[in-house]
Amino acid sequence: MSLSPLPTIYLASASPRRHELLKQIGVEHEILNVPAPPGEDEPQFEGEFAADYVQRTALEKAQRAEQYLIQQEMLIRPILSADTCVILENEVLGKPQDAMDATRILAKLSGKTHEVHTAVVLLHRGEIAQQVSITRVTMRTLSLKEIARYVESGEAYGKAGAYGIQGLAAVFIEKIEGSYSGVMGLPIFETWSLLSKQLT
């Protein structure tokens, strides 16, 4: 049950975590699997600040979803999209390509504080509304054995920064300042604020 009546929306994301978080707060939604554009997955433009990158990619996801709805002649509904990136010293640490890349990313994060930015976009009747959650995450120093075991678990793949805070990597996290659900991929407070303000 939702805290206020909201229309059914489209979630323009295949992330099971975002789906579960929307279910948790009672938002009726349909998952919209939009075909990915050709080429590199969400490249960062030369000279683009990491904080700007995550907002742009979240917006582009919503815009691609809108075009897809029109092309497929589907029922028009509000579209929610999100993008999450892990930022260390203005470098975006994306999803690992392979085991070596996952090991490299985790070694970089080990013993340091990084930021997790999650941008949320709501596209409805031509209007765009956006919020960004920024969370500081401190990871304790990891041994090479711990990193290797974690990478072998398979959990690092498909996740920004090569870790999932809601899984095995929870034992790596010393402290967070901000939104736990934002680190998971969909900040509940910002998402609810956006939906309730724009759709009620």
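1. Is E30 buried, partly exposed or exposed? At 34% relative accessibility, E30 counts as partly exposed (buried is under 20% relative accessible area, exposed is over 50%, partly exposed is in between, with a 1.4 Å probe and protein chains only). Before going further, a word on ground rules: this is a predicted model, where local features need pLDDT of at least 70, side-chain atom pairs count only at pLDDT 80 or more, and totals for chains, interfaces and linings use all residues. Residues are numbered from 1 along each chain as its sequence is written, and side-chain values use heavy atoms, with hydrogens and water left out.

2. On to the fold. The protein has six helices and seven strands, and along the sequence they come in the order β-α-β-α-β-β-α-β-β-α-β-α-α. These elements are DSSP runs numbered from the N terminus: helices are H or I with at least four residues, strands are E with at least two.

3. Now the overall dimensions. The radius of gyration is 17 Å, which agrees with the value near 16 Å that a compact globule of 200 residues would have. That radius is taken over C-alpha atoms, and the globule rule is 2.2 Å times the number of residues to the power 0.38. Along the principal axes, the C-alpha atoms fill a box of roughly 50 × 40 × 30 Å.

4. Take the contacts (heavy atoms within 4.5 Å) with a separation of 6 or more: 67% of them are accounted for by residues 24 or more positions apart.

5. The accessible surface comes to about 10500 Å², and 52% of it belongs to carbon and sulfur atoms. Areas come from the Shrake-Rupley method with a 1.4 Å probe; for residues, only the protein chains shown count as cover.

6. Charges next. There are 19 positive and 25 negative side chains, and the centres of the two sets lie 5 Å apart. For that count, Lys and Arg are positive, Asp and Glu are negative, and His and the chain ends are not counted. Each charge is placed at NZ of Lys, CZ of Arg, CG of Asp or CD of Glu.

7. Side chains of opposite charge can pair when their charged atoms come close. How many salt bridges does a search of the whole structure find? The search finds nine, where a salt bridge is a side-chain nitrogen of Lys or Arg within 4 Å of a carboxyl oxygen of Asp or Glu.

8. Back to E30, which forms a salt bridge with R77, the closest N and O atoms being 2.7 Å apart. E30 lies in strand β2 (residues 29-31) and R77 in the loop between α2 (50-71) and β3, so the pair ties together parts that are 47 residues apart in sequence. R77 is partly exposed too, with a relative accessible area of 23%.

9. The D83 and K61 side chains also meet in a salt bridge, at 3.1 Å from N to O. This pair links distant parts of the chain, with D83 in strand β3 and K61 in helix α2, 22 residues apart. Both D83 and K61 are buried.

10. Compare a local case: K23 pairs with E20, with 4.0 Å between the closest N and O atoms. Both lie in helix α1 (residues 16-24), three residues apart, about one turn of the helix. K23 is partly exposed at 49% relative accessible area, and E20 is partly exposed at 45%.

11. T57 is worth a look alongside D83. T57 lies in helix α2 and is buried, with a relative accessible area of 2%. Leaving out residues up to four places away in sequence, T57 touches E42 and D83.

12. T191 sits in helix α6 (residues 188-199) and is buried, at 0% relative accessible area. Apart from neighbours within four places in sequence, T191 is in contact with L22, L80, V120 and L186. T191 and Q131 are 60 residues apart in sequence, and their C-alpha atoms are 7.7 Å apart in space.

13. Finally, two backbone points to check. N90 has a positive phi, near 65°, in a residue other than glycine; N90 lies in the loop between β3 (79-88) and β4 (91-93) and is partly exposed at 43% relative accessibility. R125 is not a glycine either, yet has a positive phi of about 55°. R125 is placed in the loop between β5 (113-124) and β6 (127-139) and counts as exposed at 77% relative accessibility.
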